[in-house]
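Keep the sequence and the model side by side as you read.

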Amino acid sequence: YMAREGTAVIGAAYAVVLLFGLVRLSQGEAAFNGSLEYLNTAWMRVFHLIALATFVYHTWSWFNIMPKTMPIMFVGGKRVQPGTITGAGIAAAVFGCLAVLLIVKGMYP
């Protein structure tokens, strides 16, 4: 439980990075381009990989906890198994991520 809650620290750090980018964007094109160059450094690439791993773990643990916290579900008179709930949640998350990726890729061919 605490490991999952600890992922909020990386989430907060990533939010600060995004806010920094917004501030630099408001300062003009040159400032924003400078922030993009900073994001392209080796340290920031490592940070993004760590953040990605942390967010994947956070998502997996959230859907793993879900069957334990939600009311018992019945479909067609049969109880829905916890693995089915977890799998459906993870599948929905993967589908949502892929949909966003395809939309963004379509905007910038």
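The buried residues of helix 3 are M44, F47, A51, T54, S61, F63 and P67. Buried means under 20% relative accessible area, exposed means over 50%, and partly exposed lies in between, with a 1.4 Å probe and protein chains only. This is a predicted model, so local features need pLDDT of at least 70 and side-chain atom pairs count only at pLDDT 80 or more, while totals for chains, interfaces and linings use all residues. Residues are numbered from 1 along each chain as its sequence is written, and side-chain values use heavy atoms, with hydrogens and water left out.

Helices are DSSP runs of H or I with at least four residues, strands are runs of E with at least two, and both are numbered from the N terminus. Helix 3 covers residues 42–69.

What covers the buried residues of helix 3? The cover includes helix 1 (2–26), helix 2 (29–39) and helix 4 (82–107).

Take helix 1 against helix 3. Their axes come within 9 Å and cross at roughly 140 degrees. Axes are lines fitted to C-alpha atoms, for helices over the stretch in contact, and angles run from 0 to 180 degrees between N-to-C directions. Helix 1 and helix 3 are therefore oblique to each other. Angles under 35 degrees count as roughly parallel, over 145 as roughly antiparallel, 65 to 115 as roughly perpendicular, and the rest as oblique. The crossing of this pair, helix 1 and helix 3, is left-handed. That word applies if the near helix is turned anticlockwise from the far one by less than a right angle; clockwise makes it right-handed.

Contact means heavy atoms within 4.5 Å. On the helix 1 side, the residues that meet helix 3 include A3, R4, T7, I10 and Y14. Their partners in helix 3 include M44, F47, A51, T54 and S61. By class, this contact of helix 1 with helix 3 has 13 nonpolar, six polar and one charged residues. Here Ala, Val, Leu, Ile, Met, Phe, Trp, Tyr, Cys and Pro count as nonpolar, Asp, Glu, Lys and Arg as charged, and the others, Gly among them, as polar.

Y57 lies in helix 3. Is Y57 buried or partly exposed? Y57 is partly exposed, with a relative accessible area of 36%. Leaving aside neighbours within four places in sequence, Y57 is in contact with A3, R4 and T7.

Now turn to helix 1 and helix 2. Their axes come within 7 Å and cross at roughly 150 degrees. Helix 1 and helix 2 are therefore roughly antiparallel to each other. Helix 1 passes helix 2 in a right-handed crossing. V17, F20, G21, R24 and L25 in helix 1 meet A31, F32, S35 and L39 in helix 2. These contact residues divide into six nonpolar, two polar and one charged.

Helix 4 comes last. It has 26 residues and reaches 38 Å from its first C-alpha to its last, close to the 38 Å expected at 1.5 Å a residue. In helix 4, I85, T86 and G89 are buried. The buried residues of helix 4 pack against helix 3. Helix 3 and helix 4 pack at an angle of about 145 degrees, with their axes 8 Å apart. Helix 3 passes helix 4 in a right-handed crossing. The contact residues of helix 3 with helix 4 divide into eight nonpolar, four polar and no charged.

Finally, look at V80, in the loop between strand 2 (78–79) and helix 4. V80 is buried, with a relative accessible area of 17%. Leaving aside neighbours within four places in sequence, V80 is in contact with M73, F74, V75 and I85.

Definitions and conventions: The expected span of a helix is 1.5 Å times one less than its number of residues.
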